[in-house]
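Please read them with the structure open.

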Amino acid sequence: MRAVVYEDVRTVGMREVPDATLEVDTDALVRITSSALCGSDLHMYDGRTGANPGLVLGHEPLGVVEQVGGAVQTVRPGMRVVIPTHLFCGTCAMCAQGLSAACLRARADGTGAAYGYAGMGPYRGALADLLRVPWADANCLPLPGQPGDEYEDDFVLLADAFVTGWHAATLAGVEPGDTVAVFGAGTIGLLSAYSARIRGARIVYCVDGVDARLDKAGELDAVPIDFRRSDPVEQIRQDRVRAGLPLGEEKLGGVDKVIDAVGFQARDREHPDQERPGQVIADAARLVNPTGAIAVAGVYPDKDQHPRPGATAHEDLVVPWGTLFGKGVTVRFGRTHDRRYTRLLRDLVLSGRARPGVIVTHHGTLADAPDLYRRFDRREDGVIKAVLHP
Ligand SMILES: NC(=O)c1ccc[n+]([C@@H]2O[C@H](COP(=O)([O-])OP(=O)(O)OC[C@H]3O[C@@H](n4cnc5c(N)ncnc54)[C@H](O)[C@@H]3O)[C@@H](O)[C@H]2O)c1
Ligand SMILES: [Zn+2]
Ligand SMILES: [Zn+2]
């Protein structure tokens, strides 16, 4: 089969690799119809995670079941399915509580696993013709319709991007009437903002420094905040004042909930050509209202393998605990427990209440992967979310 593989820093290629096959009788084999590129891939692409050459990339699969093992009960050949990024067994103590991203059985050396990701288990990725799906009954979510129909882009985002945005809004505890700020207007930030609006937030700010992404945030009914202009925390505070703070509530001039959809590769606002891993968490701590909440959906590694010159692997990940303690802020982190949300979000799509596919900007084939990864990594040509069709 054809697959997109990691070759070296900022180099991926389409290669012939051995076909994915059924390996145990609880597996399904899925023929991929859509498979998306993700900002998480860029951490590997940029050489920041120690990915091995030859790793098949991709963790956002949508497709049609081709074969199932003898022990699979509910999934049948011909079914259209979306498959969550974080694969899981469905029966361990964590899965039983719906905490699928912390599955105890999917990875020998830790909790939780993912397709096509360095350090997340031995599973090959989904930017390929075929994907082996372990524990198929748990991991395949059935979908109506036909490949290529009007829902193809919405459904592929149920694998990871929309569920992560929804999870971020859940971690932040976004409720009707909240004021919310999202840092990052990549796919995850945009769909966090979109989720916050669906959940009734009264206003959602979306901070970034890339024009196409700020424009998209505006299309999704968020207020774009361009960090290249000036300190985004001050811009948002000024907008809150303009909106009118009730008498006596001037100390609540920040926002109730903040979402970090950037992670450790955050840009240093004063030197935008450089990274500053603690930039977003520092801004979030300044902006959040007393007793508010911060949700961290952006990825932070155990240590930064390539700290800026003069910094150590750990010092740049320092967090302003004093500010957070003083304000009594709740901070929650983590990978998405995809399967908790996939049914709900599928049904929001089918009822017309959500159309996350509006954030998809580019389509291509597996052969387009090298070019699309390059443009995505450089934030060029308006690439926000690219979906490949093998
Ligand atoms: N928790 C999960 O389960 C999960 C799932 C998917 C992705 N992620 C992570 O979420 C993060 C975002 O993913 P994505 O696909 O949107 O990535 P992306 O790279 O497309 O977007 C990141 C955005 O952050 C912006 N940014 C950089 N520095 C900033 C700063 N200082 N302030 C505000 N914005 C800044 C960039 O301009 C870019 O638009 C990544 O770290 C990714 O690994 C987590
Ligand atoms: Zn992803
Ligand atoms: Zn499990």
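The points below go from the domains to the ligand and then to the sheet.

1. This is a predicted model, in which local features need pLDDT of at least 70 and side-chain atom pairs count only at pLDDT 80 or more, while totals for chains, interfaces and linings use all residues. Residues are numbered from 1 along each chain as its sequence is written, and chains are lettered from A and ligands numbered from 1 in the order in which they are written.

2. The protein chain splits into domain 1 (2–160 + 336–388) and domain 2 (162–333); such bounds come from an automatic or database domain assignment. Their C-alpha centres are 27 Å apart.

3. Where the domains meet, 22 residues of domain 1 are in contact with 21 residues of domain 2 (contact: C-beta atoms, placed from the backbone, within 7 Å). On the domain 1 side, α1 (39–45) and α10 (338–350) are the elements giving two or more residues, and α10 gives the most, with 4. Helices (H or I, at least four residues) and strands (E, at least two) are DSSP runs, numbered from the N terminus. This side of domain 1 comprises 8 nonpolar, 9 polar and 5 charged residues (nonpolar: Ala, Val, Leu, Ile, Met, Phe, Trp, Tyr, Cys and Pro; charged: Asp, Glu, Lys and Arg; polar: the others, Gly among them).

4. Ligand 1 is surrounded by 34 residues, the closest being Gly-39, Ser-40, Gly-184, Gly-186 and Gly-263 (a residue counts if its C-beta atom, placed from the backbone, lies within 6 Å). Two or more residues each come from α1, α5 (187–198), β9 (203–208) and α8 (279–287); α1 gives the most, with 4. The shell draws at least three residues from each of domain 1 and domain 2. By type, the shell has 14 nonpolar, 14 polar and 6 charged residues.

5. An open, parallel sheet of 6 strands has the order β10-β9-β8-β11-β12-β13 (strands pair if DSSP finds at least two bridges between them). β10 (223–226) and β13 (330–333) are the edge strands, each with a single partner, so one side of each has no neighbour in the sheet. Neighbouring strands are turned by 20° against each other on average, direction ignored. Between β8 (residues 179–183) and β11 (residues 255–260) there are 4 bridges, and Val-182 stands opposite Ile-259 in β11.

6. Two helices lie across this sheet's strands. α5 lies across β8, β9 and β11, at about 175° to β9, and α8 lies across β8, β11 and β12 (288–296), at about 170° to β11. Axes are lines fitted to C-alpha atoms, for helices over the stretch in contact, and angles run from 0 to 180 degrees between N-to-C directions.
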